[in-house]
Amino acid sequence: MSGSGAKKVVETAVKATKAIDWDGMAKLLVTDEARKEFANLRRAFDDVNQQLQTKFSQVNFFGSEPEPIDWEYYRKGIGSRLVDMYKEAYDSVEIPKFVDTVTPQYKPKFDALLVELKEAEQTSLKETERLEKEIAEVQELKQKICTMTAEEYFQKHPELKQKFDDEIRNDYWGYGPPQ
């Protein structure tokens with residue numbers, strides 16, 4: 001049975017249970033024998049509902065069929081006329097098979113996205129590694145900044161030393177280009 005069909009059966013069973021005023025009917029009974037039969041009816045009704053809910057909650061909605069119904073078992077307990085009527089109704093239900101037309105259409109796109117994701121992940125890991133190194137350098141600089149000499153700083157940043165040396169050599173002291 002399909003997922004929506006099973007869901008409808010369970011919903012109908014739940015609605016039927018809620019719609020029956022068991023307590024109201026029980027108040028109308030006057031003899032002990034009637035109360036006993038009524039209790040048996042209610043127990044049988046609850047058992048059937050329990051079986052329906054259990055049966056349809058266990059259906060694999062990805063294509064496998066539910067277990068076949070043992071009609072003979074029910075014929076013995078309920079009677080063949082009623083069971084035959086249910087069997088005929090059950091057999092007349094045609095449930096269309098699900099044909100997946102979406103997955104083949106989107107699977108290549110999804111696979112391409114996975115490849116792109118792996119590449120992005122590698123790029124991200126490399127960038128994370130670079131940033132962690134930079135953070136470690138900044139933290140080290142932060143700790144040493146009070147005691148560090150210019151020579152020590154320029155050893156770590158030779159490009160800055162070259163820039164300052166060029167400015168001094170060209171008589172450009174950071175206030176604008178020489179006139």
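Predicted model: local features only at pLDDT ≥ 70, side-chain atom pairs only at ≥ 80, totals over all residues.
**Exercise 1.** State how many aromatic pairs the structure holds, and classify the pair of Trp22 and Phe45.

Solution. The structure holds six aromatic pairs. For Trp22 and Phe45 the ring centres are 5.3 Å apart, with 55° between the planes. Pairing requires centres within 6.5 Å, and planes count as stacked under 30 degrees and as edge-to-face over 60, with the rest tilted. The pair of Trp22 and Phe45 is therefore tilted.

**Exercise 2.** Locate Trp22 and Phe45 in the chain, and decide whether each is buried or exposed, or partly exposed.

Solution. Trp22 belongs to helix H2 (residues 22–28). Phe45 belongs to helix H3 (residues 32–57). Buried means under 20% relative accessible area. Trp22 has 7% relative accessibility, so Trp22 counts as buried. Phe45, at 23%, counts as partly exposed.

**Exercise 3.** Name the cluster of rings that contains Trp22 and Phe45.

Solution. Ring pairs join Trp22 and Phe45 with Phe38 in a cluster.

**Exercise 4.** Carry out the analysis for Trp71 and Tyr90.

Solution. The centre-to-centre distance is 5.7 Å and the planes are 65° apart. An angle over 60 degrees counts as edge-to-face, and Trp71 and Tyr90 form an edge-to-face pair. Trp71 lies in helix H4 (residues 71–78) and Tyr90 in helix H5 (residues 80–92), so the pair ties together parts 19 residues apart in sequence. Trp71, at 15% relative accessibility, counts as buried. Tyr90 has a relative accessible area of 37% and is partly exposed.

Methods:
Residues numbered from 1 in each chain as written. Heavy atoms only, no water. Helix = DSSP H or I, 4+ residues; strand = E, 2+ residues; numbered from the N terminus. Buried < 20%, exposed > 50% of the residue type's maximum accessible area, 1.4 Å probe, protein only.
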